[in-house]
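Biologist: Could you show me the model and then take my questions on it?

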Amino acid sequence: MSPRIRDITQALPPEYADKLFSAREEGKTEDQLRQIAADGLARMYFRANNSRAHGLGVEFTDVERLDIEL
């Protein structure tokens, strides 16, 4: 079975950009940065800004590309 590839375009709340920039400046690892992005994506995309799918965990695995725009 081939891996499922999904392109997702999702705006994240500014607090996640702040978290990502702060974490990068603090020297956090790529895994830690990916987890922050996954948390934001979980909140906004999968949980619809926490209005559904409460308790759903999201983890980035086998990420080929992650583009972040401001």
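Predicted model: local features only at pLDDT ≥ 70, side-chain atom pairs only at ≥ 80, totals over all residues.

Biologist: How many helices and strands does the chain have?

Modeller: The chain has two helices and zero strands. Helices (H or I, at least four residues) and strands (E, at least two) are DSSP runs, numbered from the N terminus.

Biologist: What percentage of the residues is buried?

Modeller: Of the 70 residues in the chain, 21% are buried. Buried means under 20% relative accessible area, exposed over 50%, and partly exposed in between, with a 1.4 Å probe and protein chains only.

Biologist: Turning to the core, which residues make up the largest nonpolar one?

Modeller: Five residues form the largest nonpolar core: Tyr 16, Leu 20, Ala 23, Leu 33 and Ile 36. Such a core is a set of buried Ala, Val, Leu, Ile, Met, Phe, Trp, Tyr and Cys residues joined through side-chain atoms within 4.5 Å.

Biologist: Which helices supply this core?

Modeller: At least two residues of this core come from each of α1 (14-25) and α2 (30-46). The largest share, three residues, is from α1.

Biologist: What lies over the face of Tyr 16?

Modeller: Lys 19 does, at 4.6 Å from the ring centre. A charge sits over a ring if NZ of Lys or CZ of Arg is within 6 Å of the ring centre and within 35 degrees of the ring normal.

Biologist: Now α2. What end-to-end distance should this helix span?

Modeller: The 17 residues of α2 should span 24 Å at 1.5 Å a residue, and its end C-alpha atoms are 22 Å apart, which agrees. The expected span is 1.5 Å times one less than the number of residues in the helix.

Biologist: Which residues of α2 are buried?

Modeller: The buried residues of α2 are Leu 33, Ile 36, Ala 37, Ala 38, Gly 40, Leu 41, Ala 42, Arg 43 and Met 44. Their cover includes α1.

Biologist: Why does Arg 43 count as buried?

Modeller: Arg 43 counts as buried because its relative accessibility is 17%. Leaving aside neighbours within four places in sequence, Arg 43 is in contact (heavy atoms within 4.5 Å) with Pro 13, Glu 15, Tyr 16, Ala 48, Asn 49 and Asn 50.

Biologist: What does Leu 41 touch?

Modeller: Not counting residues up to four places away in sequence, Leu 41 touches Ile 8, Gln 10, Leu 12, Phe 46 and Phe 60. Leu 41 counts as buried, at 11% relative accessibility. Leu 41 and Thr 9 are 32 residues apart in sequence and 9.6 Å apart in space, C-alpha to C-alpha.

Biologist: Is Gln 35 buried or partly exposed?

Modeller: Gln 35, which lies in helix α2, is partly exposed, with a relative accessible area of 34%.

Biologist: Lastly, what follows α2?

Modeller: Ala 48 follows α2, and its phi is positive, near 50°.

Terms used. Residues numbered from 1 in each chain as written. Heavy atoms only, no water.
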